[in-house]
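Morning, everyone. Please have the sequence and the 3D view open while I talk.

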Amino acid sequence: VHSNSLSIKNSSGDIRKKYSFLVNKIMGTECHAAFNGFSVTSDRRNEIAKRNHSLIEAVRDVELSDSYKLRFEIVAVSKREKGSVKRTCYVKRNQIKEVRQLMFEEINQLKEKNVEEVVQLLEEEFIGKQILKKSNVLLGDCVVLKVKVLRSPSISL
């Protein structure tokens with residue numbers, strides 16, 4: 001089952017986030033579903049990538065406390081300095097490594113959390129905001145593009 005954030009939370013959230021759930025069991029009018037993935041829509045993905053900017057990507061696998069194994073794909077883009085007249089705003093290689101290391105640290109902090117808390121953090125865009133806040137490099141945007149479930153625990157009902 002695929003759903004956007006408006007269907008999950010009855011609020012005026014961002015419609016550009018897609019969640020995927022796997023229905024495990026149906027009991028009458030209720031069904032038990034488990035988290036099966038997350039991605040952003042193609043228009044949001046295309047909005048991030050810009051010409052004459054550096055695109056920083058990172059992919060990391062992490063195992064959560066409730067034995068879910070997830071693969072995170074994170075993207076950040078550089079930002080032009082205020083008052084700059086240069087057409088480009090590329091980032092140096094060592095700065096890219098620094099931002100990527102920061103992305104890995106943020107993802108590794110999710111090891112103590114369960115899948116419900118991770119979905120809540122994805123909804124609030126907490127991971128991207130933390131990377132933007134902690135980074136020494138001038139970044140315009142940082143987004144978790146995709147979360148893929150590599151292994152989920154066996155659920156017995």
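I will go through some strands, some aromatic rings and a pair of helices.

One point before we start: this is a predicted model.

Let's begin with the strands. Find strand E2, residues 17-27, and strand E3, residues 30-40. They pair in the antiparallel sense, over 10 bridges. How many residues lie between E2 and E3 in their hairpin? Two. Look at Gly-28 in that turn: its phi is positive, about 65 degrees.

Next, the rings. A pair of aromatic rings is described by the distance of the centres and the angle of the planes. A search of the whole structure finds two such pairs.

Pair one is Tyr-19 with Phe-38. Their ring centres are 5.1 Å apart. The planes meet at 50 degrees, so this pair is tilted. Tyr-19 sits in E2 and Phe-38 in E3, so the pair ties together parts that are 19 residues apart in sequence. Are these two buried or exposed? Tyr-19 is buried, at 1% relative accessible area. Phe-38 is buried too, at 4% relative accessibility. The cut-off for buried is under 20%.

Pair two is Phe-21 with Phe-35. The centres are 6.3 Å apart. The planes are at 75 degrees, so this pair is edge-to-face; the cut-off is over 60. Again the pair links E2 and E3: Phe-21 is in E2, Phe-35 is in E3, and they are 14 residues apart. Phe-35 counts as buried, at 6% relative accessibility. Phe-21 has 22%, so it counts as partly exposed.

The charged end of Arg-60 sits over the ring of Phe-104. The distance to the ring centre is 4.0 Å.

Last, the helices. Two packed helices are described by the angle between their axes and the distance between the axes. Find helix H3, residues 93-108, and helix H5, residues 126-134. Their axes are 10 Å apart, and the angle is about 135 degrees. H3 and H5 are therefore oblique to each other. What is the hand of the crossing of H3 and H5? Right-handed.

Key
Residues are numbered from 1 along each chain as its sequence is written. This is a predicted model: local features need pLDDT of at least 70, side-chain atom pairs count only at pLDDT 80 or more; totals for chains, interfaces and linings use all residues. Side-chain values use heavy atoms; hydrogens and water are left out. Two strands pair if DSSP finds at least two bridges between them. Helices (H or I, at least four residues) and strands (E, at least two) are DSSP runs, numbered from the N terminus. Rings of Phe, Tyr and Trp (its six-membered ring) pair if their centres lie within 6.5 Å; planes under 30 degrees apart count as stacked, over 60 as edge-to-face and the rest as tilted. Buried means under 20% relative accessible area, exposed over 50%, partly exposed in between (1.4 Å probe, protein chains only). A charge sits over a ring if NZ of Lys or CZ of Arg is within 6 Å of the ring centre and within 35 degrees of the ring normal. Axes are lines fitted to C-alpha atoms, for helices over the stretch in contact, and angles run from 0 to 180 degrees between N-to-C directions. Angles under 35 degrees count as roughly parallel, over 145 as roughly antiparallel, 65 to 115 as roughly perpendicular and the rest as oblique. A crossing is left-handed if the near helix is turned anticlockwise from the far one by less than a right angle, and right-handed if clockwise.
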